[in-house]
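This report concerns helix packing and salt bridges in one protein model. Please consult the sequence and the structure shown below while reading.

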Amino acid sequence: MVTRLLYLTRHAEQDLSEQSGPDAGEPDTGLSERGRRQATLLGERLRARRFAAVHHGPLRRAAQTAELVAKSLPDVPVYETELAGDHLPHDTDPAGLPPAYVEFLTQFSAAERVDGPRVTADAVRRFAGPVAEGPAGGEPVRELVVTHSFLIAWLVRHALDAPEWRWLGMNSHNAALTVIRYGAAGPPSLIAVNDVAHLPPELRGTGLPPDYLV
């Protein structure tokens with residue numbers, strides 16, 4: 001078995017200027033101008049690493065982020081996959097949770113509580129482990145997944161073997177890096193979480209709750 005280095009990033013900042021009102025929901029729009037800068041800088045950050053693939057979810061903000069990142073990663077194949085989509089990762093029992101979490105969980109439909117965890121379980125099977133074969137010389141296999149905050153939170157929780165509800169409350173910056181090492185000799189290693197060293201201060205902290213203080 002060969003070590004997998006799984007690079008996870010939340011899509012860059014979304015352009016929400018087309019949202020028409022409080023009941024419009026979140027449209028499937030692409031990136032804002034700041035988001036395009038974030039994605040470009042993320043690609044430059046990763047340029048020196050050899051990647052086996054870039055995977056991204058089907059929503060426009062994820063696809064555009066992957067496209068901009070991939071410009072710095074020539075010859076790396078880019079794949080769209082529902083496994084990297086924006087899904088509820090777990091049908092979490094709200095009993096005993098803080099009121100804010102209980103209120104948050106009520107927004108999901110019965111279908112989302114079934115379909116999301118199923119897709120997320122498939123994503124864990126696909127990405128959260130070592131790989132059977134890798135490049136010569138024992139170099140780890142690096143894969144980048146451009147996804148959404150929920151999947152990143154779930155994979156971090158999974159790597160730490162934390163209680164299932166602990167995906168709640170974990171927020172990802174837009175275009176930040178989270179890196180998990182999966183080797184054959186032991187449990188997963190969390191290498192980095194929300195690494196935004198490639199972003200200047202004015203591009204950091206987007207995508208986080210409004211009361212977040214940098």
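## Basis of the model

The model is predicted; local features need pLDDT of at least 70 and side-chain atom pairs count only at pLDDT 80 or more, while totals for chains, interfaces and linings use all residues. Residues are numbered from 1 along each chain as its sequence is written, and side-chain values use heavy atoms, with hydrogens and water left out.

## Helices H1 and H2

Two packed helices are described by the angle between their axes and the distance between the axes. Helix H2 spans residues 60–70, and its axis lies 7 Å from that of H1 at an angle of about 45°. Helices (H or I, at least four residues) and strands (E, at least two) are DSSP runs, numbered from the N terminus. Axes are lines fitted to C-alpha atoms, for helices over the stretch in contact, with angles from 0 to 180 degrees between N-to-C directions. H1 and H2 are therefore oblique to each other; angles under 35 degrees count as roughly parallel, over 145 as roughly antiparallel, 65 to 115 as roughly perpendicular and the rest as oblique.

The crossing of H1 and H2 is right-handed, meaning that the near helix is turned clockwise from the far one by less than a right angle. H1 contributes Arg36, Ala39, Thr40, Leu42, Gly43 and Leu46 to the contact, and H2 contributes Gln64, Thr65, Leu68 and Val69. These residues divide into 5 nonpolar, 4 polar and 1 charged. Here Ala, Val, Leu, Ile, Met, Phe, Trp, Tyr, Cys and Pro count as nonpolar, Asp, Glu, Lys and Arg as charged, and the others, Gly among them, as polar.

## Thr65

Thr65 lies in helix H2 and is buried, with a relative accessible area of 0%. Buried means under 20% relative accessible area, exposed over 50%, and partly exposed in between (1.4 Å probe, protein chains only). Neighbours within four places in sequence aside, Thr65 is in contact (heavy atoms within 4.5 Å) with His11, Ala12, Leu31, Ala39 and Val146.

## Helices H4 and H5

Helix H4 (residues 110–127) and helix H5 (residues 149–160) have axes that come within 11 Å and cross at roughly 55°. H4 and H5 are therefore oblique to each other, and their crossing is right-handed.

On the H4 side, Thr120, Ala123 and Val124 meet Leu151, Trp154, Leu155 and His158 of H5. By class, this contact has 5 nonpolar, 2 polar and no charged residues.

## Salt bridges

Side chains of opposite charge can pair when their charged atoms come close. The structure holds 11 salt bridges, each a side-chain nitrogen of Lys or Arg within 4 Å of a carboxyl oxygen of Asp or Glu. One of them joins Arg45 and Asp195, whose closest N and O atoms are 2.6 Å apart. This pair links distant parts of the chain, 150 residues apart: Arg45 is in helix H1 (residues 33–46) and Asp195 in strand S6 (residues 189–195). Arg45 is partly exposed, at 33% relative accessibility.

Glu143 and Arg126 form another salt bridge, at 2.9 Å from N to O. Glu143 belongs to strand S4 (residues 141–147) and Arg126 to helix H4, 17 residues apart. Glu143 is buried at 5%, whereas Arg126 is partly exposed at 33%. Arg4, Arg126 and Glu143 are linked in a network of salt bridges. In a further pair, Glu139 and Arg142 have their closest N and O atoms 3.1 Å apart; Glu139 is partly exposed at 23% and Arg142 is buried at 10%.
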